[in-house]
Amino acid sequence: MKNNRRSFIKLAGIAAAGLAIAPKAMAAAMGGSAPIKEDPKGITAKQWAMVIDTTRLNTAQGIEKLAKVCHSVHNVPFIEGKQEVKWLWPDIYEHSFTEQENPYLADAVKKRQYALLCNHCQNPPCVRVCPTKATYKRPDGIVDMDYHRCIGCRYCMAGCPYGSRSFNWGEPRDHLDLAALNKEYPTRMRGVVEKCNFCVERLAVGKLPACVEASNGAIHFGDLNDPNSEVRAVLRERFTIRRKPSAGTEPSVYYII
Amino acid sequence: MKMHYGAPIIVGLVIFVGALCAPFVVGMAVTKTYKQPELKMPANEKECVESKEFMREKHMQLLNDWRDWALRDGKRIYTNHAGKEFTISLQNTCMKCHISKADFCDKCHTDAGVSPYCWDCHIQPEGLK
Ligand code: SF4
Ligand code: SF4
């Protein structure tokens, strides 16, 4: 009887251990076998980052030109007023770098407009608060969204310290020129949040982000983890700042001042 | 034993049962035999991403996997059972062969009474109006 109980407990133990590793063993046996791979044309990184040269890109007009390119590539609706949807936009120093204000700021710096967008934070609060994992951080550092999953709760908008996210209060298609859509890319629907995606769909086929391409070299783009990348070279040479560093989000967008 | 209000109750019952059965009777009279919808197949492509049977039954699962693979894993090339490669994209792969949502997707979806919300965001090849 005693022996029996002991062997039963042993068996139960082994069974429990088996249960714990079975799913992993099965996945391993299948070789994690999703029949998929990356496009060899694509460019990859450990943490994509952007360095914006504000000595060269600093007028509302110049930044709006890039925003127009971005918004037409991604079918972003044009709405004026409080319900506006934006992926890239210009703003003044005091609004852009709230913690780094100074009453006697250099005239040049004060006069400039700054190009603002999602910072693709290394420690993104929007990802942490999203209840559906509609917002997630990809292995290449991009904070992306799966619009299929977004339930429009707007937690992420409350979580983002940079106002990088916009909500579709109405049907975005009502505010798009339907004849001029980019038919390679979807639109969004009413009730979801949207934001800049660092042009993941372009990186996947080996193209640089649309704004970088249109910036005439005023925006640098590259891998922050690669010491030989373009962004790291620029960061070594020029003085840069980031938005709200005290929030601890570790933005991946840097500004040359 | 005498039934109180026998006649009205019986009449009421008959009307009630009649009303209950009416849909079946009327249905039998008006329903034609079900005809499979006629889909417009791509003109210059005979093979889909997977076999016809697979696509017919499982295209929704495939699209579901495709979405997660492309968006979350960043892997946008799919290799099918025959070893042929496809770019994972509804708008840029599927709808490049199936050049009409109305003549293809809608046919079965309408018949089956389902309304998937793909096209709330994705742009159909016919364009938007
Ligand atoms: S609005 Fe959408 S993306 Fe934002 S937290 Fe809610 S579900 Fe996530
Ligand atoms: S800037 Fe805002 S939206 Fe972008 S990753 Fe950071 S917290 Fe998220």
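This is a predicted model: local features need pLDDT of at least 70, side-chain atom pairs count only at pLDDT 80 or more; totals for chains, interfaces and linings use all residues.
Trainee: How many nonpolar, polar and charged residues does the shell around ligand 1 have?

Mentor: The shell of ligand 1 comprises ten nonpolar, three polar and one charged residues. Of the 14 residues around this ligand, those that come nearest are A:Cys130, A:Cys150, A:Cys153, A:Arg154 and A:Cys156.

Trainee: Which residues are the closest to ligand 2?

Mentor: They are A:Cys118, A:Cys121, A:Cys126, A:Cys160 and A:Arg165, out of 14 that surround ligand 2. By class, that shell divides into nine nonpolar, three polar and two charged residues.

Trainee: Where is A:Thr249 placed in chain A?

Mentor: A:Thr249 belongs to the loop that runs between strand E10 (240–241) and strand E11 (253–256). Beyond its neighbours within four places in sequence, A:Thr249 is in contact with A:Cys121, A:Gln122, A:Asn123, A:Pro125, A:Pro161 and A:Tyr162.

Trainee: Why does A:Thr249 count as buried?

Mentor: The term buried applies under 20% relative accessible area. A:Thr249 counts as buried because its relative accessibility is 3%.

Trainee: Which residues form the nonpolar patch on the surface of chain B?

Mentor: The patch consists of B:Met3, B:Tyr5, B:Ile9, B:Ile10, B:Leu13, B:Val14, B:Phe16, B:Val17 and B:Leu20, and together they have about 940 Å² of accessible area. One of these residues, B:Met3, lies in the segment before helix H1 (6–30) of chain B. With a relative accessible area of 46%, B:Met3 is partly exposed.

How values were computed. Residues are numbered from 1 along each chain as its sequence is written. Chains are lettered from A and ligands numbered from 1 in the order in which they are written. Side-chain values use heavy atoms; hydrogens and water are left out. Helices (H or I, at least four residues) and strands (E, at least two) are DSSP runs, numbered from the N terminus. Buried means under 20% relative accessible area, exposed over 50%, partly exposed in between (1.4 Å probe, protein chains only). Contact means heavy atoms within 4.5 Å. Patches are made of residues with over 30% relative accessible area and no salt bridge: like charges are joined within 9 Å, nonpolar side chains (Val, Leu, Ile, Met, Phe, Trp, Tyr) within 5 Å. Accessible areas come from the Shrake-Rupley method with a 1.4 Å probe; for residues, only the protein chains shown count as cover. A salt bridge is a side-chain nitrogen of Lys or Arg within 4 Å of a carboxyl oxygen of Asp or Glu. A residue is near a molecule or strand if one of its heavy atoms lies within 4 Å of it. Ala, Val, Leu, Ile, Met, Phe, Trp, Tyr, Cys and Pro count as nonpolar, Asp, Glu, Lys and Arg as charged, and the others, Gly among them, as polar.
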